[in-house]
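Please look over the model below before reading on. My notes follow as numbered points.

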Amino acid sequence: MRGYLKNSKALTLFLVLILCSSSLTGCFSSEEVLPEKYGIPGGLVLACLNSSQFNEIIIEVDYESDQKPRPETLEMLVDRISSVCEKQSVTYELFLTDFEHEGKWTNEEIRLVGRETRDADAMNGNQLRFHFMFPSGKHTNENVLGVAVDASTVMIFVDNIKESENLIQRPSWENIEASVTVHELGHLLGLVNLVYQSNVDHEDPDHPGHSSNDQSVMYWAIETSDVSNILFGTLPNEFDSDDLSDLSNLKNSQIQAFDQLWYPEEYLY
Ligand SMILES: [Zn+2]
């Protein structure tokens, strides 16, 4: 009898321990708190084009001192998004930020610092949030004026843009800044062929992910420091008809979008 009681107590204790540990697992395990997925450039194009969940876009602009983007550049960014994505509002928020970063930027550092400094997740309730950073310093590849590193994160190198101006300032650094910023937005929208295969042959075979048309803002040279030697005079800052047709086909499910962080309900593909 004694022995039985002892065993029973031990069993009770054992059960209590199991219950505790399983409830602790439920509260704190990594499976319970799903990590934000960051995706690849283009991974939120359907979230942008379709308004069923995200009816607002907020562009978070984090800049270091002396690197603040021009208001004209930001207005153009808002305008280009509004012209392709169906939203009730497209706005930007400016934050003076210290990225606490020394030396040149690698893509991996850009991803990490982007995650540390962003105000909220890319998919935040009914808001879709793109994150554009304007730091001091350069990319490890000094030809790079701007880069998109995941589905919502862009970095623009304003110091390098200013140095890229040619002697007669045609194009001016102000125009380069605007074109580079819209170009990186284009990558967030999946241009060209980043998350889909266009039904029109307009991707430059020598520069994957870019347009073969030098009148498109998605032309490869836009984001390189040679831009003012390659494209003399006025720079394109708009998507061309093939870029716009790709976005329209993605929106209407005429072509399939891959690698999306979000799909509309009843997505046909
Ligand atoms: Zn590019």
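1. Which residues is M155 in contact with, leaving aside its neighbours within four places in sequence? They are W105, I110, M133, P135, G146, V147 and V149. Bear in mind that this is a predicted model.

2. M155 also belongs to the largest nonpolar core. That core has 62 residues. L44, V45, C48 and M155 are those with the most contacts inside it. Helix 6 gives the most to this core, namely 6 residues. As background, nonpolar side chains in soluble globular proteins tend to be buried together.

3. Now the overall layout. The protein chain has 8 helices and 6 strands. Their order along the sequence is α-α-β-α-β-α-β-β-β-β-α-α-α-α. Of the 269 residues, 41% are buried. Take the contacts between residues at least 6 apart in sequence: 71% of them join residues at least 24 apart.

4. Helix 3 (residues 71-84) packs with helix 6 (residues 173-188), their axes coming within 9 Å. The axes cross at roughly 30°, and the crossing is right-handed. From helix 3, the contact uses E72, T73, M76, L77, R80 and I81. Helix 6 answers with E177, A178, T181, V182 and L185. By type, the residues of this contact are 6 nonpolar, 2 polar and 3 charged.

5. Strand 1 (residues 56-63) is mostly covered, with 6 of its 8 residues buried. Its pairing with strand 2 (residues 89-96) is parallel and runs over 8 bridges. I59 has Y92 in strand 2 as its bridge partner.

6. Two peptide bonds deserve a check. The bond from R170 to P171 is cis, with omega near 5°. P171 sits in the loop between helix 5 (158-163) and helix 6. The bond joining L191 and V192 is cis as well, with omega about -10°. V192 is in the loop between helix 6 and helix 7 (227-230). For reference, most peptide bonds are trans.

7. Two phi values also deserve a check. D66 is not a glycine, yet its phi is positive, about 70°. D66 lies in the loop between strand 1 and helix 3.

8. S253 lies in the segment after helix 8 (241-251). With 15 other C-beta atoms within 10 Å, S253 is partly exposed.

Definitions and conventions:
Residues are numbered from 1 along each chain as its sequence is written. This is a predicted model: local features need pLDDT of at least 70, side-chain atom pairs count only at pLDDT 80 or more; totals for chains, interfaces and linings use all residues. Helices (H or I, at least four residues) and strands (E, at least two) are DSSP runs, numbered from the N terminus. A residue is buried if 20 or more other C-beta atoms lie within 10 Å of its own, exposed if 12 or fewer, and partly exposed in between; C-beta atoms are placed from the backbone. Two residues are in contact if their C-beta atoms, placed from the backbone, lie within 7 Å. Axes are lines fitted to C-alpha atoms, for helices over the stretch in contact, and angles run from 0 to 180 degrees between N-to-C directions. A crossing is left-handed if the near helix is turned anticlockwise from the far one by less than a right angle, and right-handed if clockwise. Ala, Val, Leu, Ile, Met, Phe, Trp, Tyr, Cys and Pro count as nonpolar, Asp, Glu, Lys and Arg as charged, and the others, Gly among them, as polar. A nonpolar core is a set of buried Ala, Val, Leu, Ile, Met, Phe, Trp, Tyr and Cys residues joined through C-beta atoms within 7 Å. Two strands pair if DSSP finds at least two bridges between them.
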